[in-house]
Every structure is written in structure tokens, then in C-alpha cells.
Amino acid sequence: MKIALTCNLKEKDATKPEDYFSEFDSRETAEAIISALKTKGHSVDLVEAGQPNLLSYFRKNRVDMVFNIAEGKSGKFRESEIPAILDYLDIPYTGSNTISLALALNKALTKKILIAENIPTPRFQLFKNSNEILDPGLKFPLIVKPNREGSAKGINASCVVRDKESLLAKIKEINSSYKQEVLVEEFIEGKELTVGILENGKSTILPILEIDFSNCAKSGEYFYSWRMKEYQGNQELGLTPAFYCPARLDAETETKIKEVALRTHQAVGCFDISRTDIRLSKDNIPYVLEINPLPGLDPKESNFPIMAYAAGMKYEDIIEAILMSASSRRRNTQ
């Protein structure tokens, strides 16, 4: 099969904020995916999503499938950029479609879908600016986030606030830095979990991954912040969470969490792959924080491969399963 791998590669640019390229993939990740696809007998071209002649490339170069991990450059619907082009050209691609990608990037809109589907998610309020009045029904502590960012961009220890003064200051800061609305939601104390779903003929729920931050006190970070994701494993900074896969859960709770993750995957309309981030509260309620239809695929560090490895898969089998799921979907719609 002739495949194009579409991605946004990380760059170095001192004029940009330090988290600017966090959502983008490293060249090492792109090369790992290419190697996995070639191992399975496919030929692969690397196509950087930000190039100006992208439309011309696909018009001039026939491919059987696009393996899409591109985050898009900018805008409210940036993760839909490549799928929109491919839909227009009638070229099949892996992963979710334009609607699901745009929806999942918007945390508040996703939460409205979850609420409509009776899927637990922390209570929230969306702020366009710091002049709006806080819903008196929301209980501190609250966590403050950019509404349309991934890879924990804009999230650090100071985003967990315990009074109105700190809340309004943080809303103003994020609103100014990221030029977008700000999501404020109740902070759920409990276990940090993430659940991967991989489709290949059926929806496979991978072993749940638990991230334990109890030994990260030195860092001041006790949840998945940007620093925690970017510098994970750095002992000097104290960013050394412990990973348990499968998570340390009883069978009943494990089943409940997997069901919530699958329902979230289906409610948002994801295809082929997704990763749902969940906080299990102290009273055993699995609150969905967000869903990522384009989870990281770094073979060494990303959470999705860790879960797949725990299920007994090799890296090339993960990549092939994503590809085959997309191929099967394409055949069934022709």
C-alpha cells in the first residue's frame, strides 16, 4: 500500500512561547511510524502538513491511504485541516473525521456532549473574559485551562485556584496569552487515569494506565501539567510520576471506567483510535476530563503505546491496526 504520513514536526523557534510546538510530533516519532509501516510492507512518504503546496502534492502523487497525525497549524479547527483537504480530494485517511477532531479540540463543547450522554465530567463554566460572574454552583478548588489547546498547554500548578481573586487573575492571564475563551472546571481529587481505544474490526479497550504523581512533590506539580508532559522523567525537576498499567483498580471499577471511555469515544464519533483522560474521584466516580482523537504515538514516551504494549502488542502492530481499521472503513463506505 502506498501511504503518506501527514504530520506537523516540532521546530525550534526562540521567538515563540516555550509550549508553542508541544502538540507537534518529533522527527523520531515520524520515523518510528514510517519504519513500522515499512516493516509491514508499505511504502511511505513523509508529508509535512504545514507546507504551502500540500494540495498540489496530493493532486500530483497518488496514495492509497494517508496516515494522519497532523495537529494543524492554527485556528479553532486546526486538527481538521488535513482531513478537510483529504475529504475534498476523496483520499482515505486514518483516524477521526473533521467534525470529531474539531469537537474534541473544544473542551467545553465536548463536555456538553458528555453531559447530554450522561457521561460524568466535572462541572464547568466557560469564560470569554475575566469580567464574567462565576457560577455560584461551582465549588473550589477549580482548575483553569485554555479551552482549545492540547498537550496540557497553558496548564501548570498555579492553574488550580482556591479563591475568586486567584481565579480571575488566572482567567485574565490565559485569555491574554492564548487569545481564546477559558475553561474553568471543578478540580477532581483522585486517581489520574487514561484509557486507549483501538479499532480493528471491533473496538478494543486497552489496559487502563494509571499515572501516580505522589513522588512529584519536589516539582509542585501533582497532575498532568505542561511541564509534567514536556519534561516527564526529569529527576532534577522532580517530574517523575510512576506508571501502572494495568491500573491498580478492582474489577468492578475497571469495567466501569472502560465503559465510560468507550461511550466517550462513541459520543464524540471517533474512528480508529482515541485516548480518554479520566479522574477517578475519591467516591469512585470516573470523571472524563477530555478525549484526544490524535493521541501521541511516540514509541517510548506516549501513553497510548504504553497501554498497547501492556496488551501484548508490538509497535508495528499498533500502527498496522490503525491503518487496517481505516482501510476497512473505506471499503465499507464504497
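Q: Helices (H or I, at least four residues) and strands (E, at least two) are DSSP runs, numbered from the N terminus. In which helix are Lys170 and Glu173 three residues apart?
A: This is a predicted model, in which local features need pLDDT of at least 70 and side-chain atom pairs count only at pLDDT 80 or more, while totals for chains, interfaces and linings use all residues. Residues are numbered from 1 along each chain as its sequence is written, and side-chain values use heavy atoms, with hydrogens and water left out. Lys170 and Glu173 are separated by about one helical turn because they are three residues apart in residues 164-178, helix α6.

Q: What is the N to O distance in the salt bridge of Lys170 and Glu173?
A: A salt bridge requires a side-chain nitrogen of Lys or Arg within 4 Å of a carboxyl oxygen of Asp or Glu. An α-helix has 3.6 residues a turn, so residues three or four places apart point the same way. Lys170 and Glu173 are joined by such a salt bridge, and the N to O distance is 3.2 Å.

Q: Is Lys170 buried or exposed?
A: Buried means under 20% relative accessible area and exposed over 50%, with partly exposed in between (1.4 Å probe, protein chains only). Lys170 has a relative accessibility of 6%, so the residue counts as buried.

Q: How many residues apart are Glu11 and Lys73?
A: Glu11 and Lys73 form a salt bridge whose closest N and O atoms are 3.5 Å apart. The pair links distant parts of the chain: Glu11 is in the loop between β1 (2-7) and α1 (27-39), Lys73 is in the loop between β3 (65-68) and α3 (81-89), and the separation is 62 residues.

Q: How many salt bridges are counted?
A: One network of salt bridges links Glu23, Arg78, Glu149 and Lys153. Under the stated rule, the count of salt bridges is 22.

Q: Which helix gives the most residues to the lining of the second largest pocket?
A: On a 1 Å grid over the protein atoms alone, a pocket is an open set of points where a 1.4 Å probe fits, with protein on both sides within 12 Å along at least five of seven lines; lining residues have an atom within 4 Å of a point. The second largest pocket has a volume of about 540 Å³, the space filled by probe spheres set on points joined across faces, edges and corners. Among its 25 lining residues, those closest to the centre are Asp19, Glu149, Lys153, Ser177 and Tyr178. Four lining residues come from the element that gives the most, α6.

Q: What span does α1 reach from its first C-alpha to its last?
A: The expected span of a helix is 1.5 Å times one less than its number of residues. In α1, Thr29, Ala30, Ala32, Ile33, Ile34, Ala36 and Leu37 are buried. Just after α1, Gly41 has a positive phi of about 95°. α1 has 13 residues, and its span is close to the expected 18 Å, reaching 18 Å.
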